Amino acid sequence: MDHGLPPDFSGFTCPAPLRDRPQIVMGHGGGGALTRDLVEHVFLAAFGNPVLDRLGDSSVLDLGPRLAGGGRLAFSTDSYVVRPLVFPGGSIGELAVNGTVNDLAMSGAEPLHLSAAFILEEGLAIAELAGLVARMAAAAKQAGVTIVTGDTKVVERSRGDGLTITTAGVGVVPPGVDLGPQQIRSGDAVILSGTLADHGMAIMSVREGLGFEAAIASDTAPLHGLVAALLVACPQVRLLRDPTRGGVAASLNEIAVAAGCGIEIDERAIPVSPVVASACEILGLDPLQVANEGKLLAVVPAESAQAALAAMRSHEHGHQATLLGRIVAEHPGVVAVRTAIGGSRIIPLPLGEQLPRIC
Amino acid sequence: MKHLAEYRDAETARRLAAEISRIVTRPWAIMEVCGGQTHSIIRHGIDQLLPPEIELIHGPGCPVCVTPLETIDKALAIARRPETILCSFGDMLRVPGSHEDLLAVKAAGGDVRVVYSPLDAVKLARSNPNRQVVFLAIGFETTAPANALAVKLAAQAGLGNFSLLVSQVLVPPAIRAIMHSPGSRVNAFLAAGHVCSVMGTWQYAPLAQEFRVPIVVTGLEPLDLLEGIRRTVEQLEAGRHDLENAYPRVVTERGNEPAQAVIAEVFAPVDRAWRGIGVIPASGWRLADAYAEFDAERRFDLGGIRAVESPRCRSGDVLTGTLKPSQCPAFGRECTPRTPLGATMVSSEGACAAYYNAGRT
């Protein structure tokens, strides 16, 4: 073989008709024509907007007018892995948008723009991907955010969980809004925006084939509208948290430790839908430790609690809002619950994964 | 769903607690046998409603807690084998063996799966004909019928790749062992309602007579337990020692006879070691000879496994009621749910974990 001349690839075309494959192949991550096809036909088709359409290495956002007058930038990121990819009440697409939107909203920010990075497993059906991306686009539209930059990688079959999505988001916190544990005072009220454990039990029931699938749906929802309504009715909101992984138990423990206060909640006030309560009973799970994707905890001054509750209850994502408990000076860092029959116990920080009990 | 509200009514709970206070005249130690009862007592704060004369002693009825360390080590050895799928109830995954737990074996590549029923493990065996599927069959009389049925179905289907690692234990021999132990302070028992739903109550009347202790069968809801305690105190104060069924909506004298029949077909009595307590005669079940081929201990070479308990763990004293969890020197210090020395700190039904998680000191 003659090694004198470099090989000439001009005019070379791949003989394999990869472009028409119905599934993700490694070449979709190669940065060439296949990647370009995927971006154009799947991602731009769903997310397209003037900023994203430029397909630059980065997107330039003009937030100047919103930041004028003391507004501050909020920035957050989260990765989404869930099995199955579609479940009652939502999919990884809605989670990837609403999760990051809610992380921004918990600092009081108005979410504006998201990034979206996709790790695709070889073999994933492109039609399935397009369906999930369409759900993601719909969620972004509903939340009023635009997806302005993104990335795609492909990993070999069985080295990914079908699809992993990472989103990052920016938003603007209006002047005068300053939420955080340092604002919390003894006597403050702790409010929960609705029923607990819907998301975690929806995933568990469909994953394990427990037969509750028809009855339990994920609560995934964007919460910044609810936050905005709450801030109007009650500008003195101290702190907001969305109780996702680890549930309300983890969030309350984090609040108690960060604020150096105790928290007391009333077991009778814990809102759980009847079917979710039954599912948790059967599996021996505590609804306080199960994940939510469309609920928030708000700490507000006691005198504003009724106004805050009224504002939340008139919003579509807060109509079951309830007064869960209060901040106390005693037992700093510890969350206590008054049981329905009049006893009390501590709610510990959940250890790790929730494991169903034997009997 | 009705059960959640109906048997947790605060007003009725207060009334029952007040009635117990009214009739009690001197100290009584009452053992709740079942881990589910312990979990419910601590979770709902039932003991906090009782007069100081009543002491609840937490019994050995948590299946996770009494499964011997050796059985856990055997499960770990099976799970490490590349050709096996080890199936277990969820809370066994965190129980420490001599060196690690099933979660660690899973992270290292072992195929460990949480199932909700042993019948799911049979399905796995059917759909994975080239793998060995082993179900970790632990528990009291409550888990035995489904475990026995799984073996029976596997036998009918000719599944040569399904087996059980058995550590089935029984309540009545444990009650007998506790009453024979020299340090026992137990004046009465709350018997486990769900065990009796399978086995009936007929085994308990002779025990009540032999040891002259009241035995009251209760459910797991707060009002079930309070009513059970009330009836127990009533007996103690009157000097009676009878068997009473305070859970008649679920439990009958004869129990679930079809379930007992499948147990009798698949299992046979055996002396069993209880973690922290030791060997209790005829206190468990093994696979009957006709089903011996489904015994994982025969199928896999596990002979060399011998386990040694941590000398710092006093779970045996906790399980027999001679030590409160919070009285153990290791409690909350080197022993927490995150770094458990023994199984009573692992399962949420274990007395130590129940105390720790509820903030009892």
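Trainee: In what order do the six strands of the open sheet in chain B lie?
Mentor: In this predicted model, six strands of chain B build an open sheet whose pairing is mixed. Strands of a sheet pair through backbone hydrogen bonds, and this can happen in a parallel or an antiparallel way. Reading across the sheet, the order is β4-β3-β5-β6-β11-β10.

Trainee: Which strands of chain B stand at the edges of this sheet?
Mentor: An edge strand here has a single partner strand, so one side of it is left without a neighbour in the sheet. In chain B that describes the strands covering residues 111-114 and 267-274, which are β4 and β10.

Trainee: Over how many bridges do β10(B) and β11(B) pair?
Mentor: Strand β11 of chain B spans residues 278-287, and its pairing with β10(B) is antiparallel. As one example of a bridge, Phe267(B) has Leu287(B) in β11(B) as its partner. The number of bridges over which β10(B) and β11(B) pair is seven.

Trainee: At about what angle does helix α8 of chain B run to β6(B)?
Mentor: Helix α8, residues 144-156 of chain B, lies across β5, β6, β10 and β11 of that chain.

Trainee: Turning to chain A, which element gives the largest share of the side of domain 1 that touches domain 2?
Mentor: Chain A is divided into domain 1 (20-173) and domain 2 (181-346), and the contact takes 20 residues from domain 1 and 22 residues from domain 2. On the domain 1 side, α4, β4 and α5 of chain A each supply at least two residues. The largest share, seven residues, comes from α4(A).

How values were computed:
Residues are numbered from 1 along each chain as its sequence is written. Chains are lettered from A and ligands numbered from 1 in the order in which they are written. This is a predicted model: local features need pLDDT of at least 70, side-chain atom pairs count only at pLDDT 80 or more; totals for chains, interfaces and linings use all residues. Domain bounds come from an automatic or database domain assignment. Two residues are in contact if their C-beta atoms, placed from the backbone, lie within 7 Å. Helices (H or I, at least four residues) and strands (E, at least two) are DSSP runs, numbered from the N terminus. Two strands pair if DSSP finds at least two bridges between them. Axes are lines fitted to C-alpha atoms, for helices over the stretch in contact, and angles run from 0 to 180 degrees between N-to-C directions.
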